[in-house]
Amino acid sequence: MERKKRKVPEINASSMADISFLLLIFFLVTTSMSVDKGLSRRLPQPLPPDAEVEATKIKERDIFVVKINSMNQLLVEGKEMNVRNLRAAAKEFIENPENADNLPVKFQEEIPGLGLVEYTKDHVISVQNDVDTQYQAYLEVQNELVAAYNELRNEYAMKRFGKTYSELDEDTQKAIQKLYPQKISEAEPKNYGGNK
């Protein structure tokens, strides 16, 4: 007895492309993408076209120079430093607790909400990096500098008001920001090479 071959019905694949496209759209819409890390910076307001720009004179003692070379080595004020020590060095520079002659000049000024305070209003932290500096090293330096300001603000809030900086009202936060203004200047990348 001879067996008959059964015909296997073919699957209609014409709608497979439509289904695949719909699945692709579904996964694109519902999947969350990881966001790249970055630095949040508030840019200054643009100058009017007819405004004259005056050259700012900064005393040497008011500048804290931080350099990162192509080998991601840190040079702070002419001395090699580990990035873990940068925050403490920056805090000392910004605050000048001992009123040292080699650190920024302290001024007495009335700040609404804080009263008469003494602070280094002319200080500037200058960050300079090599064109070949790795982004991770640059980010670590920036994070330490921003953390120095955040810690100073928080320490002042705790000492003066018994609350963390984030627990204070907006006006008091602005007053403390004036006391510890974040002044990080970024120079155009240069080629320092491996030599510091």
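Packing here means contact, with heavy atoms within 4.5 Å. Buried stands for under 20% relative accessible area, exposed for over 50% and partly exposed for in between, with a 1.4 Å probe and protein chains only. Helices (H or I, at least four residues) and strands (E, at least two) are DSSP runs, numbered from the N terminus.

The model is predicted: local features need pLDDT of at least 70, side-chain atom pairs need pLDDT 80 or more, and totals for chains, interfaces and linings use all residues. Residues are numbered from 1 along each chain as its sequence is written, and side-chain values use heavy atoms, without hydrogens and water.

H4 spans residues 170–179, and its buried residues are Thr 172, Gln 173, Ala 175, Ile 176 and Leu 179. These five sit on the same side of H4, because they cover an arc of only 160° around the axis. That arc is taken from the directions from the helix axis to the C-beta atoms. An α-helix has 3.6 residues a turn, so residues three or four places apart point the same way. On the face turned away from the buried side, H4 carries the exposed residues Glu 170 and Asp 171.

Asp 171 also takes part in the helix cap. Asp 169 caps the N-terminal end of H4, with a side-chain oxygen 3.1 Å from the backbone nitrogen of Asp 171.

Now the core. The largest nonpolar core has 33 residues, and Phe 64 and Ile 125 have the most contacts inside it. Such a core is a set of buried Ala, Val, Leu, Ile, Met, Phe, Trp, Tyr and Cys residues joined through side-chain atoms within 4.5 Å. H4 is one of the elements that each supply at least two residues of this core; H3 and E5 are also among them. The largest share, nine residues, comes from H3. Ile 125 touches Phe 64, and also Leu 145 and Tyr 149 among others.

Last, the whole chain. The protein chain has four helices and seven strands. From the N terminus on, its elements run α-β-β-β-α-β-β-β-α-α-β. Of its 196 residues, 29% are buried. Among contacts with a separation of 6 or more, 68% join residues 24 or more positions apart.

Key. A polar contact is a pair of N or O atoms within 3.5 Å; within protein, one must be able to donate a hydrogen and the other to accept it, and residues adjacent in sequence count only if both atoms are side-chain atoms.
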